[in-house]
Amino acid sequence: MRIYSGEKLCNKCFTKSIEDKVKATISKNRMFKPNDRIAVAVSGGKDSVTLLCILAKFEKLFPKASLCAVTVDEGIRGYRDEAVTFALEACRKLEVEHFMISFEDLFGVRLDELVNRLKAKGKGSNEVLSPCAYCGVLRRRALNVVARQAKADRLALAHNLDDEVQTILLNIMHGDAPRIARVKPVLEESHPLFVPRVKPLCEVPEKEIAFYAYLKKTEFQTIPCTYATTAMRNDIRLMLNRFEEKHAGTKYTIFRSVEKIRPALEAAEKEVFLQACKVCGEPTVSEICKPCEMLRRIGVK
Ligand code: SF4
Ligand code: ZN
């Protein structure tokens, strides 16, 4: 028997409790339809490989649904190349179709090269963003493009409870109130080129996913990204974990609080409509999309 989250559960009951939690999140938020084609964003890390395993299990109960995996290769030497092998291996074992896209193919630049350009530009300037700020924006775009190539109805992201709460606090610290409302289990936009995103693991703490992966003997990448320490998210992660240790339940409380205030936040904001970017044609809220704007800023476009 093991003690976890205050409950005493055997290993089998623990893994079932995680699957039940994911099932409850999916049904509460009506994430999928029985005949959906679902693309799971698989990076090769524990969260995404776990999500793929759980959804592959659920998919068997829905004969009209289909599952595939999509991976983005940002071009981070010594990190993503290894992670991709774990993603491919998980897909092979589960017999899931796999699609891949790279920053180099899509944007004409690897993240490593982009970081070098940022460093050169950063000398004497203080308006340069961190590698993660660029990586996050470009990866979201790449995922949308590759999910479309896979003809997916839904893009399933493996963001866990910790990720969601960190993002909420990051938005608060950046003073970006409207974005707090966008941290939600389902993100749908009325644009034909936008693949709706769902987050079936958003109520599962990172620790529980790690334990589930360990019990299931899942193989995944464990080395951190070269640029991870530059992220402000990292400071927030440490702070939240310290807090959670002293005051158990803090992460859930923040998540639930935002669930309660989200309708008010959404009502206070003007509804935004997506349009085609004047440069690349992808869906965006402004004339020129964020990826194009960022790439221009560092002289790639
Ligand atoms: Fe990209 Fe930053 Fe994550 Fe590395 S840590 S993969 S640079 S977002
Ligand atoms: Zn664009």
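Aspartate 20 and lysine 16 are 4 residues apart in helix 1, which means that about one helical turn separates them. Helices here are DSSP runs of H or I with at least four residues, strands are runs of E with at least two, and both are numbered from the N terminus.

The structure is a predicted model, in which local features need pLDDT of at least 70 and side-chain atom pairs count only at pLDDT 80 or more, while totals for chains, interfaces and linings use all residues. Residues are numbered from 1 along each chain as its sequence is written, chains are lettered from A and ligands numbered from 1 in the order in which they are written, and side-chain values use heavy atoms, with hydrogens and water left out.

**Salt bridges**

Side chains of opposite charge can pair when their charged atoms come close. A salt bridge is counted when a side-chain nitrogen of Lys or Arg lies within 4 Å of a carboxyl oxygen of Asp or Glu. The structure holds 23 salt bridges, and three of them are listed here.

| Salt bridge | N to O distance |
|---|---|
| Aspartate 20 and lysine 16 | 2.8 Å |
| Glutamate 19 and lysine 57 | 3.0 Å |
| Arginine 139 and glutamate 74 | 3.1 Å |

Each partner can be described by its relative accessible area: buried is under 20%, exposed is over 50%, and partly exposed lies in between (1.4 Å probe, protein chains only). Aspartate 20 is partly exposed at 32%, and lysine 16 is partly exposed at 48%.

The pair of glutamate 19 and lysine 57 forms a salt bridge with 3.0 Å from N to O. This pair links distant parts of the chain, as glutamate 19 belongs to helix 1 and lysine 57 to helix 2, 38 residues apart. Glutamate 19 is buried, with a relative accessible area of 8%, whereas lysine 57 is partly exposed at 42%.

In the salt bridge of arginine 139 with glutamate 74, the closest N and O atoms are 3.1 Å apart. Arginine 139 lies in helix 6 (residues 131-149) and glutamate 74 in the loop between strand 4 (66-73) and helix 3 (80-94), so the pair ties together parts that are 65 residues apart in sequence. Arginine 139 is partly exposed, with a relative accessible area of 31%, and glutamate 74 is buried at 1%. Elsewhere, salt bridges that share partners join Lys28, Glu203, Arg256 and Glu259 into one network.

**Helix packing**

Two packed helices are described by the angle between their axes and the distance between the axes. The axes are lines fitted to C-alpha atoms, for helices over the stretch in contact, and the angles run from 0 to 180 degrees between N-to-C directions.

Helix 1 (residues 11-28) packs against helix 2 (residues 46-59) at an angle of about 70°, with the axes 11 Å apart. Helix 1 is therefore roughly perpendicular to helix 2. Angles of 65 to 115 degrees count as roughly perpendicular, under 35 as roughly parallel, over 145 as roughly antiparallel, and the rest as oblique. The contact (heavy atoms within 4.5 Å) is made by Ile18, Glu19, Val22, Lys23 and Ile26 of helix 1 and Ile54, Leu55, Lys57 and Phe58 of helix 2. These residues divide into 6 nonpolar, no polar and 3 charged. Ala, Val, Leu, Ile, Met, Phe, Trp, Tyr, Cys and Pro count as nonpolar, Asp, Glu, Lys and Arg as charged, and the others, Gly among them, as polar.

Helix 1 also packs with helix 9 (residues 206-215), at an angle of about 125° and with the axes 10 Å apart. Helix 1 and helix 9 are therefore oblique to each other. Asn11, Phe14, Thr15, Ile18, Glu19 and Lys21 of helix 1 meet Glu208, Phe211, Tyr212 and Leu215 of helix 9 in this contact. The residues of the contact divide into 5 nonpolar, 2 polar and 3 charged.

The axes of helix 2 and helix 9 come within 10 Å and cross at roughly 65°. Helix 2 contributes Lys46, Asp47, Thr50 and Ile54 to the contact, and helix 9 contributes Glu206, Ile209, Ala210, Tyr212 and Ala213.

**Positive phi values**

Most residues other than glycine have a negative phi. Arginine 30 has a positive phi of about 45° although it is not a glycine. Arginine 30 sits in the loop between helix 1 and strand 3 (37-41) and is exposed at 72% relative accessibility.
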